[in-house]
Amino acid sequence: MKIYNILIAFLIIVATPLFTFAQDTEEKVKEIPLRERIYVGGNIGLQIGNLTTSVIISPTVGFRVTNRLTSGLGLTYQYYRNRGWGNLSGFTSVTHIYGGSIYSRYSITRQIFVHTEYEALNLDSQMNWQVTPGERGRFWEQNYFLGGGYRTQIGSRAFLNIMLLYNFNNNSVVHFQNPIFRFGLDVRL
C-alpha cells in the first residue's frame with residue numbers, strides 16, 4: 001500500500017506544473033481537422049518458450065483531446081498455450097483470452113509521456129486461473145496500469161511507442177510480472 005501512496009504523491013508533484021505549462025498551447029489542437037486528430041495503432045506480442053506460447057494482438061484507436069492529452073480504446077486477443085509443468089507434465093491446454101481497454105496519455109515533452117489504462121480481460125476458468133475450485137466457464141480480470149513511455153516519429157504520420165507500465169492488480173493471472181514492457185505503433189489518419 002505504501003508504494004501506491006508514494007507513486008500517487010510523485011505523480012501529483014510532477015504533473016501539477018506540467019498541466020499549467022500545457023495550457024499555453026491548448027488552442028492549437030482546436031484548429032486541426034477532426035480526421036487528423038484521430039489515430040490508429042496497437043501492440044503485438046509474442047512469447048515462445050518450452051512451456052508457454054502466447055500471441056497477443058491489441059489494436060487501438062485514439063483521439064487527440066488537446067495538444068498534450070490523447071485518449072483511446074483498445075481491443076485485445078491472446079492465444080495462450082501451456083504445455084504443462086510439474087504434475088501436469090505432458091498435458092497441453094489451449095485458451096483464448098479477449099477483452100478491451102480504455103487509456104489516456106499525457107505528453108510531458110514531444111517524446112516523453114505518462115500513460116494510464118484500465119483493461120478488462122475474459123479468461124477461461126479451466127486453465128486453473130480461477131481462484132474458486134470446481135467452477136467452469138469464463139471470468140473477467142481487471143487490470144489497472146500506470147507508467148510512462150518514449151515516443152519517436154518513424155514517418156510523416158507514424159510513431160513508435162515504448163512503454164514501461166506497472167499493473168496495480170497484484171492478483172493478475174495474465175500479467176504476472178511487473179513492470180510490463182510494451183512496444184506499439186500509432187498512425188495518424
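**View A. Y166 is partly exposed, at 24% relative accessibility, and belongs to the aromatic residues of this view.** The model shown here and in every other view is predicted. How many aromatic pairs does a search of the whole structure find? The search finds two. One of them joins Y118 and Y144, with ring centres 5.5 Å apart and planes at 45°, an arrangement classed as tilted. Y118 comes from strand β5, residues 112-124, while Y144 comes from strand β6, residues 138-153, so this pair ties together parts of the chain that are 26 residues apart in sequence. Y118 has a relative accessible area of 30% and is partly exposed. Y144 is also partly exposed, with a value of 39%. Y166 and F168 form an edge-to-face pair, with 4.9 Å from centre to centre and 75° between the planes.

**View B. Two arginines sit over aromatic rings.** R151 lies over the face of F159, at a distance of 3.7 Å from the ring centre. At the other site, the charged end of R182 is placed over the ring of F145 and is 5.0 Å from the centre of that ring.

**View C. I180 is a buried residue of strand β8.** The strand covers residues 180-188. Is I180 buried or exposed? Its relative accessible area is 12%, and the limit for a buried residue is under 20%, so I180 counts as buried. Leaving out residues up to four places away in sequence, I180 touches F145, M163, L164, L165, N167 and H175. F145 is 35 residues from I180 along the chain, and the C-alpha atoms of the two are separated by 9.1 Å.

**View D. A cis peptide bond links N178 to P179.** The omega angle of this bond is near -5°. P179 is found in the loop between β7, residues 158-167, and β8. I180, in strand β8, is the residue shown in view C.

**View E. Nonpolar side chains form separate cores.** Which residues make up the largest nonpolar core? The six are Y80, I97, L121, L123, F139 and V174. Another core, of five residues, lies apart from the largest one; its members include F113, M163, L165 and I180. Two of these partners, M163 and L165, are listed among the contacts of I180. In soluble globular proteins, nonpolar side chains tend to be buried together.

**View F. N43 is buried in strand β1.** Strand β1 spans residues 38-48. The relative accessible area of N43 is 15%, so this residue falls under the 20% limit for buried. Which residues does N43 touch, not counting those up to four places away in sequence? They are I56, I57, S58, R182, F183 and G184.

**View G. V114 is a partly exposed residue of strand β5.** Its relative accessibility is 24%. Not counting residues up to four places away in sequence, V114 touches S104, R105, Y106, I108, L146, G147 and G148. Between the C-alpha atoms of V114 and L146, which are 32 residues apart along the chain, the separation is 7.7 Å.

**View H. The whole chain has two helices and eight strands.** Read from the N terminus, the order of elements is α-α-β-β-β-β-β-β-β-β. The chain has 189 residues, and 35% of them count as buried. Among contacts with a separation of 6 or more, 54% are between residues 24 or more positions apart. The accessible surface is about 11800 Å², and carbon and sulfur atoms account for 63% of that area.

View I. The mean pLDDT is 82, and 76% of the residues reach 70 or more. Where pLDDT is low, the predicted coordinates should not be read in detail.

Conventions. Residues numbered from 1 in each chain as written. Predicted model: local features only at pLDDT ≥ 70, side-chain atom pairs only at ≥ 80, totals over all residues. Heavy atoms only, no water. Core = buried A, V, L, I, M, F, W, Y, C linked by side-chain atoms within 4.5 Å. Buried < 20%, exposed > 50% of the residue type's maximum accessible area, 1.4 Å probe, protein only. Helix = DSSP H or I, 4+ residues; strand = E, 2+ residues; numbered from the N terminus. Contact = heavy atoms within 4.5 Å. Areas by Shrake-Rupley, 256 points an atom, 1.4 Å probe, with all protein chains shown as cover. Phe/Tyr/Trp six-rings, centres within 6.5 Å; stacked < 30°, edge-to-face > 60°. Lys NZ or Arg CZ within 6 Å of the ring centre and 35° of its normal. pLDDT = per-residue confidence, 0-100.
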